[in-house]
Amino acid sequence: MNFLKHLGLESWCLLILGLAAGILAIAFVPPVVTFDGPSHFFRALQISHGQLRATRYSDTSYGGQIPGDHSRYANTLQHNYAMQHFLTTAAWPVVADRSKDGPAQVKEVFSNTAVYSPASYLPQAAGMAVCRMFTASPLWEDRAARCVNLMVYLLLAVLILKTIPRFQSSLLLIATSPLILIQATTENTDALNFAVPMLIVALVWNMRCQPEGNHRTMLYVLQGLAVYTALLKPTEIICLGFLLFLPAAIFSTRRHRITWLASTLARSEER
């Protein structure tokens, strides 16, 4: 409750717009029929079952064994929309129910997302795993994954707005842009890939503006975020260059600063 009391206008606008648009998107945007929708759905599902690495079928083909009902559900929806046979929201549960008939496990190829780190799918996979405790419906697993992905994105975005010293209004416009919000309401990883590095930028900038005080805990947080960023995408390691802008005043000595930067970058590279 104390956290909510200290939120600014931009943060409240983000939560209201994000939740309103997100709930509508989850309710009415067709499941898995989004940017590489089936591939992200299958990869998140695979990770939720504990298989962190995709199966290699050839030099250019990766995927894995997927529960048959989930495969039939996703492919049926994708086929209908590709053929412009637009299904109503009432038809989605029917498709999910009919998908029960068939093999229990099927081979799926999703090479474009198979190479993505499991770290990118932690929210989606967690939502699916929790949902399976109550129902095995692919429709509800998809909705659970999308809801958790949205909630994690909004939480990170609020932390960014609360932390960054300036440009909150500009960041609000970016964070609530239709493209990013739609990405956040799917199994797509792009919303997380945007928010985590941006939180590092916000924290570093905040510490530059307020170098006084004890920042020991925040340095541990930054180390964790740096490692997680490196796990998300190899190309995002470049974002760790912002750590070089940390003010010298927050470190006890020059040696402490060099050691901290070296150990953080080394741990990120190891991942």
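How exposed is Cys 13? Cys 13 is partly exposed, with a relative accessible area of 28% (buried means under 20%, exposed over 50% and partly exposed in between, with a 1.4 Å probe and protein chains only). Keep in mind that this is a predicted model, where local features need pLDDT of at least 70, side-chain atom pairs count only at pLDDT 80 or more, and totals for chains, interfaces and linings use all residues. Residues are numbered from 1 along each chain as its sequence is written, and side-chain values use heavy atoms, with hydrogens and water left out.

Staying with the cysteines, a search of the whole structure turns up zero disulfides (a disulfide being a pair of cysteine sulfur atoms within 2.5 Å). Take Cys 209: the closest cysteine sulfur to its own belongs to Cys 239 and sits 19 Å away, too far for a bond. Cys 209 is itself partly exposed, at 46% relative accessible area.

Now for a proline. Pro 234 lies in the loop between helix H12 (216-232) and helix H13 (254-270); helices are DSSP runs of H or I with at least four residues, numbered from the N terminus. Here are the accessibility values side by side.

| Residue | Relative accessible area | Class |
|---|---|---|
| Cys 13 | 28% | partly exposed |
| Cys 209 | 46% | partly exposed |
| Pro 234 | 66% | exposed |

Pro 234 is 212 residues from Gly 22 in sequence, and their C-alpha atoms are 29 Å apart in space.

On to helix packing. Two packed helices are described by the angle between their axes and the distance between the axes. The axes are lines fitted to C-alpha atoms over the stretch in contact, with angles from 0 to 180 degrees between N-to-C directions.

Helix H8 (residues 138-163) and helix H9 (residues 168-175) have axes that come within 10 Å and cross at roughly 165 degrees. H8 and H9 are therefore roughly antiparallel, a label for angles over 145 degrees. On the H8 side, Tyr 153, Ile 160 and Leu 161 meet Gln 168, Leu 171, Leu 172 and Ala 175 of H9, where contact means heavy atoms within 4.5 Å. That contact has six nonpolar residues, one polar and no charged.

Helix H3 (residues 37-48) packs on helix H7 (residues 122-131) at about 65 degrees, with the axes 8 Å apart. Phe 41, Ala 44, Leu 45, Ile 47 and Ser 48 of H3 meet Gln 124, Ala 125, Met 128 and Ala 129 of H7.

Key. Helix = DSSP H or I, 4+ residues; strand = E, 2+ residues; numbered from the N terminus. Parallel < 35°, antiparallel > 145°, perpendicular 65-115°, else oblique. Nonpolar A, V, L, I, M, F, W, Y, C, P; charged D, E, K, R; others polar.
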